[in-house]
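Please read the following explanation with the sequence and the 3D model side by side.

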Amino acid sequence: MLTVIPGHPFQTPPSQDAAIPSSPTNLAPSSPLTGVIQRREAQASRPSIPPHNAAASTSAFPSFRAQPVKDSLSTINLRHAPPIVQGIQLVSPSELPDRFRSIFPFPLFNAVQSKCFGTAYGSSDNLVLSAPTGSGKTVILELSICQLITGFQTGQFKIVYMAPTKSLCAERQKDWQSKFASLDLQ
């Protein structure tokens, strides 16, 4: 149902001879409805994907098998190119010295960690990081610890970790004692 608000600045004056558009050909090329109608018509003309077995078609939760993409542009596999997520080139822990690689037991840092890698490990600049829960902020702190270890050959330094609860601090300390045991940190 369409509600007409008199005097609304985006309202076009009604025309007696204006036809109600029923297809994309009757709509103006820039009309928002043109794209919607064209997408719906395209979806209706596509064949539906059948279930992969008879049991799936009678199940309350049917499963579908993904069909291979036939578009040649979407199937290009560049193994020599580094992975990129949201325009950020992901960094591998293999770029760290051998003694730090065991601290990071995954093949790639995520996008937030890769974006901060240069500042956290490659420089001694201050870093303020604000990111959602579960985005990998602790790993960035661990990168900074590795940079600190590299920068101070004497081993005379302190690292202060602050968290909202004492139990979280105790959990991190226990985790870091095992992670950094090979580096003889206490």
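Which residues do ring pairs link into a cluster? They are Phe-100, Phe-104, Phe-106, Phe-109, Phe-117 and Tyr-121. Rings of Phe, Tyr and Trp (its six-membered ring) pair if their centres lie within 6.5 Å; planes under 30 degrees apart count as stacked, over 60 as edge-to-face and the rest as tilted.

Before going further, note that this is a predicted model, in which local features need pLDDT of at least 70 and side-chain atom pairs count only at pLDDT 80 or more, while totals for chains, interfaces and linings use all residues. Residues are numbered from 1 along each chain as its sequence is written, and side-chain values use heavy atoms, with hydrogens and water left out.

The protein has 6 helices and 2 strands, and along the sequence they follow the pattern α-α-β-β-α-α-α-α. Helices (H or I, at least four residues) and strands (E, at least two) are DSSP runs, numbered from the N terminus. Of the 186 residues in the protein, 20% are buried. Here buried means under 20% relative accessible area, exposed means over 50%, and partly exposed lies in between (1.4 Å probe, protein chains only). Among contacts with a separation of 6 or more, 41% are between residues 24 or more positions apart; contact means heavy atoms within 4.5 Å.

Back to the rings. The whole structure holds 7 aromatic pairs. One of them joins Phe-104 and Phe-106: the ring centres are 6.2 Å apart and the planes stand at 65 degrees, so this pair is edge-to-face. Phe-104 is buried, at 2% relative accessible area, whereas Phe-106 is partly exposed, at 28%. Tyr-161 and Trp-176 also form an edge-to-face pair, because their ring centres are 4.9 Å apart and their planes are at 85 degrees. Tyr-161 belongs to the loop between helix 5 (137-151) and helix 6 (166-179), and Trp-176 to helix 6, so this pair ties together parts that are 15 residues apart in sequence. Tyr-161 is partly exposed, with a relative accessible area of 26%, while Trp-176 is buried, at 11%. The ring of Trp-176 also has the charged end of Arg-172 over it, 6.0 Å from the ring centre. A charge sits over a ring if NZ of Lys or CZ of Arg is within 6 Å of the ring centre and within 35 degrees of the ring normal.

Next comes the core. In soluble globular proteins, nonpolar side chains tend to be buried together. A nonpolar core is a set of buried Ala, Val, Leu, Ile, Met, Phe, Trp, Tyr and Cys residues joined through side-chain atoms within 4.5 Å. The largest one here has 19 residues, of which Leu-96, Phe-100, Phe-104, Phe-109, Leu-143 and Phe-180 touch the most other members. Helix 4 (111-120) and helix 5 are the elements that give two or more residues to this core, and helix 5 gives the most, with 6 residues. Leaving out residues up to four places away in sequence, Phe-180 touches Ile-103, Glu-142, Ile-145, Cys-146, Ile-149 and Leu-185.

The largest pocket contains about 740 Å³ of space. Which of its 26 lining residues are closest to its centre? They are Leu-127, Lys-137, Ile-140, Leu-141 and Ser-144. Helix 4 and helix 5 each supply at least two residues of the lining, and the largest share, 8 residues, comes from helix 5. A pocket is found on a 1 Å grid over the protein atoms alone, as an open set of points where a 1.4 Å probe fits, with protein on both sides within 12 Å along at least five of seven lines; lining residues have an atom within 4 Å of a point.

A few single residues remain. Ser-114, in helix 4, is buried at 8% relative accessibility. Beyond residues up to four places away in sequence, Ser-114 touches Ile-88, Gln-89, Leu-90, Val-91 and Phe-109. Pro-83 lies in the loop between helix 2 (54-58) and strand 1 (84-85) and is partly exposed, at 36%. Setting aside neighbours within four places, Pro-83 is in contact with Ile-88, Gln-89, Leu-90 and Leu-108. Gln-86 sits in the loop between strand 1 and strand 2 (88-89) and is exposed, at 75% relative accessible area. Gln-86 has a positive phi of about 50 degrees although it is not a glycine.

Notes. Grid points are joined across faces, edges and corners, and a volume is the space filled by probe spheres set on the points.
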